[in-house]
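Subject: A structure for you to look at

Hi! Here is the structure I promised to pass on.

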Amino acid sequence: MFPLLLAISLGAELGAQEMNLDNVIDIARSRSVPALAAKSEFVSSYWAWRAYQASRLPSLYMYGTLGGFDRSLRLLQSAETGNLIYKPNYSMENSVGLQAVQNITATGGTLYLYSQLTRIDQFGDNARASWYAQPLNLSYKQPLFAYNRFKWEKRISPKEYEKAKRNYIESLEDINLKAVDLYFNLMLASRNLSVAESNFLNTSKMLDIAGRRLSLGTVTRDDYLQLELRMLNDSISINENRVELSKARMELNSLLGLDESYEIVPVLDEELPDIIIDYNQVLEKSGSNSSFELGGEINMLNAEAAVEQAKADRGITMQLNATFGLTNTSDDLPAVYKNLLDQEVLGLTFSFPIFDWGQGRGKVKKAEAAADVIRATVEQERNDRRITLYTAVGQFNNQRQMCSVSRRAEAIARERYELVMEKFRNGNATVTDLNTARSESDEAIRKYVNDLNNYWTYYYTLRRYTLYDFVNGRDLDVSFEEMTE
């Protein structure tokens, strides 16, 4: 890759650089805006995956209050009389604590372990300082009969990350297809311009010959005017094709991240890989490598999770709360950690609908109906996918023969055009014969370039469907570790 980039920099100074299809694809995969966007999207998915992994590990937090100064009137109720009275408060609170949190995937509960120290300073006539310590507290919250979000995340998140990796490789294959399309657009535009310039020269020569034969009476005035009109049209065609060539070059330069003035000279590699692709292999690789099957699995898991959540929300909701800890309070900091008192809190909270007018049942039925639609859609997409793969394999396997035929046809049409021009010079061919041979030659050139375009389009389309390199016989892969460093 480095020699190619060096050649690009040198070519920018010289104004032109020859490139074949492989060169163009390599640059597009590394420098194009779609390549950078695909990388950025994958990196985002990677950090989402890292966040999921972190959520399965213990988290440690520090929290507290600094300079919690409070000078205000507080509304209090007298314990003796029950009267509400305002009392002045003049204090400051400072506290610090550490808390560790661990989510329990198997049960859906959350475990908390924390330690906290608080100092209260009272100001005014009865100034004093007191300490309140909770050296160790263990708390657990366990929902019962509830939707276990952690369990479903464990099933879905790894698949989503794997799908993100496959999506990135498929994005690169989309770039390949775009590069193929723009490269052969440039190739065709270049060929069209060359043909137009060649035709103009040939028509000019034939017009000179027709002028001499016109004076001899062997060519009619109509034939002569027909050639002159063709020459004028050829001159116009040169300008039109020059504009098309500039447009095609600028579009390819845009994909490759090159300046619009940079001139790429396409080099046609006519040697095609001698491979026949097997449909069963394509079907197997598409299932195991591409994002298609994973996407269907993820959609089904999300639908099943939605059904389970709707069922859990419909019925009774219960949560077990349990806490065990050690605590103490004192006016002296060392003493606050002596003769600790244990505290235990255990409770069960619950709620359940007595009469909800069928809302819960409706939510469940709606989620089940959505799951049925997704299940049917996934199955239909799989059937459509098999048809698409079968068609793509047939197109590719037929296209190599079509390229071979059109290559030979292009050579024959070009040779025939040259023979007809020679016959016209000798007075053995008409202007109609000349025009017919030229049109056939022009069309043969365009068809050959288009057939090559189709061949590589079909090939890279199959690569995208399967993420498999059929030429080298290996799965496509990317160093994801290097991308995220």
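**What I found**

Let's start with Glu153, which has a relative accessible area of 23% and is therefore partly exposed. For that word and its two neighbours, the cut-offs are: buried is under 20% relative accessible area, exposed is over 50%, and partly exposed is in between, with a 1.4 Å probe and protein chains only.

Before going further, some ground rules: this is a predicted model, where local features need pLDDT of at least 70, side-chain atom pairs count only at pLDDT 80 or more, and totals for chains, interfaces and linings use all residues. Residues are numbered from 1 along each chain as its sequence is written, and side-chain values use heavy atoms, with hydrogens and water left out.

**Salt bridges**

Which residue does Glu153 meet in a salt bridge? The partner is Arg149, with 2.9 Å from N to O. (A salt bridge here is a side-chain nitrogen of Lys or Arg within 4 Å of a carboxyl oxygen of Asp or Glu.) Arg149 is partly exposed too, because its relative accessibility is 45%. Glu153 and Arg149 are four residues apart in helix α4 (residues 149–216), so about one helical turn separates them. When I say helix or strand, I mean DSSP runs numbered from the N terminus: H or I with at least four residues for helices, E with at least two for strands.

Next, find Glu440, which has a salt bridge to Arg416 with the closest N and O atoms 2.8 Å apart. This pair ties together parts that are 24 residues apart in sequence, because Glu440 lies in helix α9 (residues 431–466) and Arg416 in helix α8. Glu440 has 40% relative accessibility, so it counts as partly exposed. Arg416 is partly exposed as well, at 36%.

Now stay in α9 for Asp442 and Arg438, which lie four residues apart, about one turn of the helix. They form a salt bridge too, and their closest N and O atoms are 3.7 Å apart. Are these two buried or exposed? Asp442 is buried because its relative accessibility is 12%, and Arg438 is buried because its value is 8%.

There is also a network of salt bridges that links Arg29, Glu173, Arg463 and Asp469. How many salt bridges does a search of the whole structure find? The count is 28.

**A nonpolar patch**

Now turn to the surface. Phe145, Ile316, Phe350, Phe352, Ile354, Phe355 and Trp357 form a nonpolar patch there, and together they have about 950 Å² of accessible area. Patches are made of residues with over 30% relative accessible area and no salt bridge; like charges are joined within 9 Å, and nonpolar side chains (Val, Leu, Ile, Met, Phe, Trp, Tyr) within 5 Å. The areas come from the Shrake-Rupley method with a 1.4 Å probe, and for residues only the protein chains shown count as cover.

Trp357 sits in the loop between β8 (341–351) and α8 (359–425), and it counts as exposed because its relative accessibility is 73%. Phe145 is in the loop between β5 (128–144) and α4, and at 59% it is exposed, too.

**Positive phi angles**

Phe145 has something else to show: its phi is positive, about 55°, although it is not a glycine. Leu467 is another non-glycine residue with a positive phi, near 50°. You'll find Leu467 in the loop between α9 and β9 (468–469), and it is buried because its relative accessibility is 3%.

**How helices cross**

Two packed helices are described by the angle between their axes and the distance between the axes. The axes are lines fitted to C-alpha atoms, for helices over the stretch in contact, and angles run from 0 to 180 degrees between N-to-C directions.

Take α4 and helix α7 (residues 291–314): their axes come within 9 Å and cross at roughly 155°. That is why α4 is roughly antiparallel to α7. As for the labels, under 35 degrees is roughly parallel, over 145 roughly antiparallel, 65 to 115 roughly perpendicular, and the rest oblique.

For helix α6 (residues 279–289) and α8, the axes come within 10 Å and cross at roughly 135°. So α6 is oblique to α8.
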